[in-house]
Amino acid sequence: MDILNKVRSYREEEDKIKWEGTFAEYLDIVKRRPEVAQTAHSRVYNMIKSSGLTERNGQKLYHFFGEEIFGLEDSIERLVEEYFHPAAKRLDVRKRILLLMGPVSGGKSSIVTLLKRGFEQYSKTDAGAVYAIKGCPMHEDPLHLIPNHLRDDFFEEYGIRIEGSLSPLSTMRLEREYNGRIEDVLVERIFFSEDKRVGIGTFTPSDPKSQDIADLTGSIDFSTIAEFGSESDPRAYRFDGEFNKANRGMMEFQEMLKLDEKFLWHLLSLTQEGNFKAGRFALISADELIVAHTNETEYRSFISNKKNEALHSRIIVMPIPYNLKVSQEERIYQKMIRESDMKHVHVAPHALRAAAIFSILTRLETPNKQGVDLVKKMRLYDGESVEGFNQMDVEELQKEFTNEGMKGIDPRYVINRISSAIIRKEVPSINALDVLRALKDGLDQHASISQEDRDKYMNYIAIARKEYDEIAKKEIQKAFVYSYEESAITLMDNYLDNVEAFCNKNKIRDPLTGEEMNPDEKLMRSIEEQIGVSENAKKAFREEILIRISAYARKGKRFDYNSHDRLREAIQKKLFADLKDVVKITTSSKTPDESQLKKVNEVVARLIDEHGYNSTSANELLRYVGSLLNR
Ligand SMILES: Nc1ncnc2c1ncn2[C@@H]1O[C@H](COP(=O)(O)OP(=O)(O)OP(=O)(O)O)[C@@H](O)[C@H]1O
Ligand SMILES: [Mg+2]
């Protein structure tokens, strides 16, 4: 019965925030909280702002989108700063249609859906409260009741500019039901809801021949026309088009550019003048945010058509390219899997990463910058540190191609391939190799990929595979050492003691025997060689480390395992190199002896307990790495 209780308490919550009163009482509310009278654009902007924002490296991260949309921070920042913000201030962009343009499955619809769901929630909060003339099918703004000649006075007193005129239906009701007494007109609080068609509309083009403009602007109600005697009586008209229903809120235009021209003109008049024509009535005022989306090809063919020139200047295009960060791409897949019927499937660690590497590579343009290849670019874009490059280089790379991210493999394709990989396996557990194989097989079937792209993509799969091999080896090697971190720290401390003695020309004391010895050159070199420090460069390298240690000490910080990236890398590699043979023998032995068997079981258990594997994927990983090391 828990759910029924929840339903009840939800209803009670809703009842609590309901409000109904006269226009006079509504004006009291407006006086106290002028934000209830804000425009739709201003409401969207405030809604986005109300979720908060963080600034990182000069980039604004809007939390409103952050939980659902990954890796599109730049596009979103632009969307907010160049459209929502100025539109909220009633600047001219508000009068243009917002067109999100981007490749398939790049998150355009997701952004719009988020805005819609956000609107529904926001209208239930105090800050986002919306009021309307009671009983009006268009939830008309009550302030429209203030006659034109008094609006300057109203502005003086309330500081609010009223736009738009009272609709034909409300004009008639004012006369008939309220005898022209605007103060008595009933006003109610409304709650945006797409299902109930309040303040949120969606329009999808259908067959151009049968599509009726009434879908947008409403239509004559033939059943009541006899009663009211005339087609121009607003009571004989149903104000139930998408334009009507989305008033005060927002409307999504799917596939806008597929629409017939005459529809587009209605749309333009609505955005440009804030009104539209319906039936035989004077223009009807409406205040709504219009968001449309389309892909690049369609957009290009639209603007290349001379006939569309006028339309073109009234649209503001916001590019929504694909995400270009591997780690964010992984999050997209995780989300899509969570939302799919594959929830129960075990996805081995790094399987999605392998797919993400492939996808991102297909989306990147090859850089011209010296010393940067595609893989380095991919890492830099994802915020990884690559030796010899800094944030400025990343920005330079990003500026090199203005249109990057408009093509390549889309997330939905990857998810489809993953689900086909699952079907093929007997157990509901898939790993990186399954995923890469499925992606590869998919390329053969993918009709819309050119031969040239296919060859490129095959190569990207090979790169993703190589990247995965490295990850897999590390994972296994780590699991082989009982306490990896501890061994690494011990090895590093040992190295640093020797380096210190070497640089200061001191002896080193054996901790066990207390005996004095020369620094262990062999040990130091075996670590330094891992990262290519040559015999000639060793002294400088060691001195640099000592300087770093004393710099840390001066600041009162402790130099630890994570303080020096290259040293850490060297230590890791050394540990792995020492381990290699153990791993090789243990993982590939056909007839393991008892101690090997015990080791394998331990490693499997550690992979499961600490690294997120299940027993299938842990054993698969072990076998795979064994075969890699034996090559
Ligand atoms: N950057 C992203 N962040 C989060 N999810 C994303 C992102 N890009 C794509 N997706 C996911 O991919 C799927 C397709 O996205 P969506 O439908 O929003 O794309 P679209 O741009 O509208 O595509 P289409 O042009 O095919 O209509 C969704 O499940 C969405 O969650
Ligand atoms: Mg879409």
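Reply: Begin with how axes are drawn: each is a line fitted to C-alpha atoms, for helices over the stretch in contact, and the angle runs from 0 to 180 degrees between N-to-C directions. Note too that this is a predicted model.

Me: At what angle do helix α20 and helix α21 pack?

Reply: Two packed helices are described by the angle between their axes and the distance between those axes. Here α20 (residues 432-445) and α21 (residues 451-480) pack at about 175°, with axes 10 Å apart. Angles over 145 degrees count as roughly antiparallel, so α20 is roughly antiparallel to α21.

Me: Which residues in α20 and α21 meet?

Reply: On the α20 side they include Leu433, Leu436, Leu439 and Lys440, and on the α21 side Arg454, Met458, Ile461 and Arg465. By class, this contact of α20 with α21 has ten nonpolar, no polar and four charged residues.

Me: How do α3 and α5 pack?

Reply: Helix α3 (residues 40-50) and helix α5 (residues 73-88) have axes 7 Å apart, at an angle of about 125°. That makes α3 oblique to α5. The crossing of α3 past α5 is left-handed. Among the residues that meet are Val44, Tyr45 and Ile48 in α3, and Val80, Tyr83 and Phe84 in α5. The contact of α3 with α5 has eight nonpolar, three polar and no charged residues.

Me: How many residues surround ligand 1, and which are the closest?

Reply: There are 17, and the closest are Ser105, Lys108, Ser109, Ser110 and Lys335. A polar side-chain atom of Ser109 lies 2.6 Å from an oxygen atom of ligand 1. For Lys108, a polar side-chain atom lies 2.8 Å from an oxygen atom of the ligand, and for Lys335 the distance is 2.8 Å.

Definitions and conventions: Residues are numbered from 1 along each chain as its sequence is written. Chains are lettered from A and ligands numbered from 1 in the order in which they are written. This is a predicted model: local features need pLDDT of at least 70, side-chain atom pairs count only at pLDDT 80 or more; totals for chains, interfaces and linings use all residues. Side-chain values use heavy atoms; hydrogens and water are left out. Helices (H or I, at least four residues) and strands (E, at least two) are DSSP runs, numbered from the N terminus. Angles under 35 degrees count as roughly parallel, over 145 as roughly antiparallel, 65 to 115 as roughly perpendicular and the rest as oblique. A crossing is left-handed if the near helix is turned anticlockwise from the far one by less than a right angle, and right-handed if clockwise. Contact means heavy atoms within 4.5 Å. Ala, Val, Leu, Ile, Met, Phe, Trp, Tyr, Cys and Pro count as nonpolar, Asp, Glu, Lys and Arg as charged, and the others, Gly among them, as polar. A residue is near a molecule or strand if one of its heavy atoms lies within 4 Å of it. A polar contact is a pair of N or O atoms within 3.5 Å; within protein, one must be able to donate a hydrogen and the other to accept it, and residues adjacent in sequence count only if both atoms are side-chain atoms.
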